[in-house]
Amino acid sequence: MSIFTLVDHPLIKRDVTVLRDENSTPEIFRNAVRRISNILAVELSRTFHLTEKQVKTPLEVTTGYELKQEVVLVPVLRAGLGMVSGFIDIIPDAKVGHIGIQRDEKTLQPIEYYFKTPKTINESRVILLDPMLATGGSALGAISYLKKRGTKEIIFACLVAAPEGISKIEQYAPDTKIFGAAIDRQLNDKGYILPGLGDAGDRTFGTL
Ligand code: PRP
Ligand code: URA
């Protein structure tokens, strides 16, 4: 069984098309990332456990629910930041850690430059956010950091994944669950996903 779940939804298909379109401005791009992130958050949280709690309505006390485990969102800088608001819409009490990793443009190797995560991350449900899973080097770097901090269960949410990246995570971190909005064909010789959407960080922040 693959570790990758393709979240197949008509609204995601429409918005991935908006992301791919080279004419989409940063504003249009960011809004589409947020909407897709909303749907990914709903889908990947289906199996989250609940505990019962009593709640008093204006009329009587009844049984309600709260999430059993604290959720920590961890965007990979920079592009992962664009997914945070869409996840916070759906999981408003989530904490947010940050991991700074940038690919070296020539070697495609990940360069790590920043880490800040909550102390409780070892007992939390962690959702790693990065729109692009290309060679998988950045994702694997982030997963290794989280594992060193004692994280047991990692869900990786992405927008576009290349088969090469999925295979790398399957090989080196097979206990990771990946949820994505699209699987694309392949990487080009510069490590860009085809057909892809270009550089997600640049398109999010208008730094093209
Ligand atoms: C992009 C993307 C991923 C990484 C994917 O970030 O957001 O983090 O590339 O590529 P990989 O799977 O081959 O490692 P980038 O390094 O461009 O940094 P940025 O978000 O700051 O632009
Ligand atoms: N990072 C991106 O932003 N886009 C790609 O296609 C590959 C890596």
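This is a predicted model: local features need pLDDT of at least 70, side-chain atom pairs count only at pLDDT 80 or more; totals for chains, interfaces and linings use all residues.

Q: How far is a backbone N or O atom of I193 from an oxygen atom of ligand 2?
A: The distance is 2.8 Å. Residues are numbered from 1 along each chain as written, and ligands from 1 in the order written.

Q: What does G198 do there, in distance terms?
A: A backbone N or O atom of G198 lies 2.8 Å from a nitrogen atom of ligand 2. For A200, a backbone N or O atom lies 2.8 Å from an oxygen atom of the ligand.

Q: How much of ligand 2 does the protein bury?
A: The protein buries 89% of the 240 Å² that ligand 2 exposes when taken alone. Those areas come from the Shrake-Rupley method with a 1.4 Å probe.

Q: Which residues are around ligand 2?
A: Among them are R103, M132, Y192 and D199. Each has a heavy atom within 4 Å of the ligand.

Q: New topic. Is I166 buried or exposed?
A: I166 is buried, because its relative accessible area is 7%. Buried means under 20%, exposed over 50%, and partly exposed in between (1.4 Å probe, protein chains only).

Q: What does I166 touch?
A: I166 touches F4, L133, A161 and I183, leaving out residues up to four places away in sequence. Contact means heavy atoms within 4.5 Å.

Q: And Y65, buried or exposed?
A: Y65 counts as exposed, at 53% relative accessibility.

Technical notes. Side-chain values use heavy atoms; hydrogens and water are left out. A polar contact is a pair of N or O atoms within 3.5 Å; within protein, one must be able to donate a hydrogen and the other to accept it, and residues adjacent in sequence count only if both atoms are side-chain atoms.
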